[in-house]
Amino acid sequence: MSENPDAQASAKPIAVTLPDGRRREFPGPLSGAELAAAIGAGLARAALAVKIDGRPRDLAALIDHDADIAVITREMPEGIEILRHDAAHVMAEAVKELYPDSQVTFGPATDNGFYYDFARDAPFTPEDLALIEERMREIVRRDEPITREVWDRDRAVAFFAGIGERYKAEYIGEIPPAEEISVYRQGKFVDLCVGPHLPSTGRLGQAFKLMSVAGAYWRGDPNNPQLQRIHGTAWPSQKELDQYLFRLEEAERRDHRRLGRELDLFHLQEEAVGSVFWHPKGWRLYRIIEEYMRRRLDAAGYLEVRGPTLLDRSLWEASGHWETFRENMFIAESRDERILAVKPMNCPGHVLIFRNRLRSYRELPLRLAEFGSCHRNEPSGALHGLMRVRGFIQDDAHIFCTEDQVTAEAIGCCKLLLSIYRDFGFDDVEIKFADRPPVRVGSDAVWDRAEKDLKAAVETLDLAYTLNPGEGAFYGPKLEFHLRDAIGRQWQCGTVQLDFNMPGRLGAVYVGEDGGRHTPVMLHRAILGSVERFIGILIEHYAGHFPLWLAPIQAVVASITDEAAAYADEVAGELRTAGLRVLIDTSNEKIGYKVREHSLAKVPLVLVVGRREAEQRSLSLRRLGSPAQEALALAEAVARLTEEAAPPG
Ligand SMILES: [Zn+2]
Ligand SMILES: [Zn+2]
């Protein structure tokens with residue numbers, strides 16, 4: 001049975017509303033393809049599918065009632081998803097043609113492409129992947145029509161069981177009887193699928209590539225048989241595919257785990273899963289960042305505190321973390337059998353500092369900051385270098401203030417965050433405003449005010465922001481700061497989050513101007529987020545070539561001959577006295593070799609000294625990434641480099 005009933009459907013006129021609000025009338029039902037053609041030949045060519053009342057459908061689907069219609073083209077997010085899903089079907093068809101003994105299971109679209117899980121005894125080799133990709137290209141050239149059919153359940157089970165597709169048959173057998181079962185057919189390949197799909201395989205185009213094969217379990221359950229998952233990527237155009245592959249290559253070249261090893265910054269090992277061993281150079285970088293942040297916080301009126309790491313279970317129960325965050329917390333027991341949790345966040349500790357004595361409104365806003373050492377019991381599979389760890393320092397702060405101070409404090413946070421990001425080399429920051437989630441505490445009136453106050457901050461500063469609807473925390477709305485790195489990836493780092501729940505829950509009060517007791521509002525705000533992760537982002541953003549102020553070693557003084565060794569010491573001594581981080585290389589290697597070695601270690605400056613430089617009290621300056629040399633008098637070099645190396649802010 002086809003989706004399109006015959007033309008005998010009553011010829012009732014159909015009114016269609018397009019995304020721009022235009023209305024079109026048609027004498028009777030028509031397909032998505034016919035609608036696209038009626039709007040224009042260009043759109044008909046670009047059309048992949050159609051959205052009927054917000055639901056994506058095939059171009060062949062019949063529009064048989066007055067409806068909101070949007071034509072989906074290949075550049076639209078919905079279009080890209082259909083292309084990727086089609087690529088999965090085309091891959092499955094290719095696999096079945098080449099390896100008839102394999103069984104198909106599921107194959108969805110993903111963020112950058114698609115995959116399909118196959119059951120097959122023999123492993124797919126890289127050579128197999130090349131063959132499969134070539135066969136996919138042939139299937140695209142065949143331009144096979146893709147058609148949708150609705151089957152009844154017994155027929156579908158019998159069909160897939162009959163062709164040896166046990167997984168499909170098992171799955172269909174479990175679909176509730178009331179649900180419609182649709183299959184898509186292209187060439188000899190038939191797959192169970194809700195769709196939508198392209199009208200034919202030719203529309204997929206050739207901008208795809210198979211990437212890898214990995215193990216996966218049937219329905220994600222390790223007790224089930226193991227399958228082979230082939231990953232691919234697919235894009236609307238060859239240009240976008242090329243750009244994606246270039247980004248992958250760049251990401252690989254910049255991988256912070258590799259650079260961390262090559263630059264001797266840190267390592268991770270089994271004995272401390274998810275926690276970092278910082279080596280001298282990496283810890284130097286850490287301290288530079290911490291010292292810079294401290295200066296900025298002092299200047300912005302924050303007071304640094306330090307809360308305990310182990311806190312009693314009763315506190316976590318009172319804060320609500322025991323109930324909602326328990327599985328992410330490491331638990332310890334003391335000799336007197338008290339249960340303690342290693343803090344996964346700093347907020348409850350700061351509330352205890354706030355309420356240690358009765359506060360007055362005159363103390364508000366009170367901005368408590370901490371480089372808080374936090375631990376979260378992340379599943380080992382989720383860990384990834386510095387980007388996802390179990391033990392980390394959060395550059396956290398909690399601002400206790402009155403309701404009237406919220407907007408001014410949020411403005412202060414936004415300014416501080418953006419200024420700090422600029423100093424670290426991130427100029428492209430996207431702000432997202434996450435508003436009330438469906439499950440939340442507090443009345444609508446309180447939320448209305450909270451959202452208005454937080455939004456007023458970004459609007460006062462004339463900052464562009466996008467809405468992240470329903471993504472606020474259950475206790476309040478938040479601003480998220482997403483940083484774009486050198487290769488276009490976005491990283492969410494900072495958050496400014498309004499909380500009108502926890503202070504009351506933990507009994508924080510202040511005496512107001514009216515002499516009465518009030519509960520303060522609390523802003524949670526982080527700038528870098530996890531310092532570990534931020535360093536990972538910095539390493540990849542700069543590909544290890546840090547700006548001078550961040551470089552763990554800023555300069556190497558390299559001697560050309562032994563005769564200059566004493567002078568090299570003297571030069572290094574002067575630079576160190578001026579506050580620079582300097583190494584001396586008076587080894588017996590040739591100067592060209594030394595320069596190469598220190599360039600590979602990504603030291604920003606190499607200062608070359610020989611007999612002539614010693615006599616003239618000068619040096620020859622080379623900068624990382626440039627072949628040029630500059631002759632400078634020692635005193636001038638010290639003055640200039642000291643200024644250049646000074647941290648911003
Ligand atoms: Zn499908
Ligand atoms: Zn907090």
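Reader: What share of the contacts in the chain between residues at least 6 apart in sequence join residues at least 24 apart?

Author: In this predicted model, 67% of the contacts between residues at least 6 apart join residues that are at least 24 apart in sequence. Two residues are counted as a contact when their C-beta atoms lie within 7 Å. The chain holds 20 helices and 35 strands, and its C-alpha trace spans about 95 × 75 × 60 Å along the principal axes.

Reader: How is the chain divided into domains?

Author: The assignment gives domain 1 (5-73), domain 2 (78-250), domain 3 (307-534) and domain 4 (555-644). The C-alpha centres of domain 3 and domain 4 lie 46 Å apart.

Reader: What makes aspartate 264 partly exposed, and why is aspartate 462 called exposed?

Author: A residue is buried with 20 or more other C-beta atoms within 10 Å, exposed with 12 or fewer, and partly exposed in between. Aspartate 264 has 13 such neighbours and therefore counts as partly exposed, whereas aspartate 462 has 6 and is therefore exposed. Of the 649 residues of the chain, 37% count as buried.

Reader: What is the phi of aspartate 264, and where does this residue lie?

Author: Its phi is near 55 degrees, which is a positive value in a residue other than glycine, and aspartate 264 lies in the loop between helix H8 (256-262) and strand E15 (266-267). Aspartate 462, which is not a glycine either, has a positive phi of about 60 degrees, and it lies in the loop between helix H14 (444-460) and E25. Most residues other than glycine have a negative phi.

Reader: What makes the peptide bond from glycine 195 to proline 196 cis?

Author: Its omega is near 0 degrees, and the bond is cis; proline 196 has its place in the loop between strand E12 (189-192) and strand E13 (208-217). The bond from leucine 364 to proline 365 is also cis, with omega near -5 degrees, and proline 365 is found in the loop between strand E21 (359-360) and strand E22 (366-375).

Reader: Why is helix H3 described as largely enclosed by the rest of the structure?

Author: Of the 22 residues of H3, 18 are buried, so the helix is largely enclosed by the rest of the structure. H3 (residues 77-98) reaches 32 Å from its first C-alpha to its last, which is close to the 32 Å expected at 1.5 Å a residue.

Reader: How do you know that the buried residues of H20 are on the same side?

Author: The buried residues in H20 include Leu634, Ala637, Leu641 and Ala645. They cover an arc of only 55 degrees around the axis, and therefore they are on the same side of H20. An α-helix has 3.6 residues a turn, so residues three or four places apart point the same way. The face turned away from the buried side of H20 carries the exposed residues Ala635, Glu636 and Glu643. Among the elements that cover the buried residues of H20 are strand E31 (555-559) and helix H17 (565-577).

Reader: Which residues touch the most other members of the largest nonpolar core?

Author: That core has 91 residues, and those touching the most other members are Ala410, Ala555, Val557, Val571, Val606, Leu607 and Val609. Helix H13 (residues 406-423) gives the most to this core, with 7 residues, and the core draws at least three residues from each of domain 3 (307-534) and domain 4 (555-644). Leaving aside residues up to four places away in sequence, valine 571 touches Val557, Leu607, Val609, Leu619 and Leu634.

Reader: What makes strands E4 and E7 a pair?

Author: A pair needs at least two bridges, and 5 bridges join E4 to strand E7 (residues 67-73), the two running antiparallel. In this pairing, alanine 47 stands opposite threonine 73 in E7. E4 is also joined by 4 bridges to strand E5 (residues 55-58), again antiparallel, and E4 and E5 form a hairpin with 2 residues between them. E4 (residues 47-52) is mostly covered, since 5 of its 6 residues are buried.

Reader: In which sense do E24 and strand E25 pair?

Author: E24 and strand E25 (residues 465-468) pair in the parallel sense over 4 bridges, with isoleucine 431 opposite tyrosine 465 in E25. By contrast, the 6 bridges between strand E24 (residues 429-434) and strand E26 (residues 478-484) join strands that run antiparallel, and here valine 429 stands opposite leucine 483 in E26.

Methods
Residues numbered from 1 in each chain as written. Chains lettered and ligands numbered in written order. Predicted model: local features only at pLDDT ≥ 70, side-chain atom pairs only at ≥ 80, totals over all residues. Expected span 1.5 Å × (residues − 1). Domains from an automatic or database assignment. Core = buried A, V, L, I, M, F, W, Y, C linked by C-beta atoms within 7 Å. Arc of directions from axis to C-beta.
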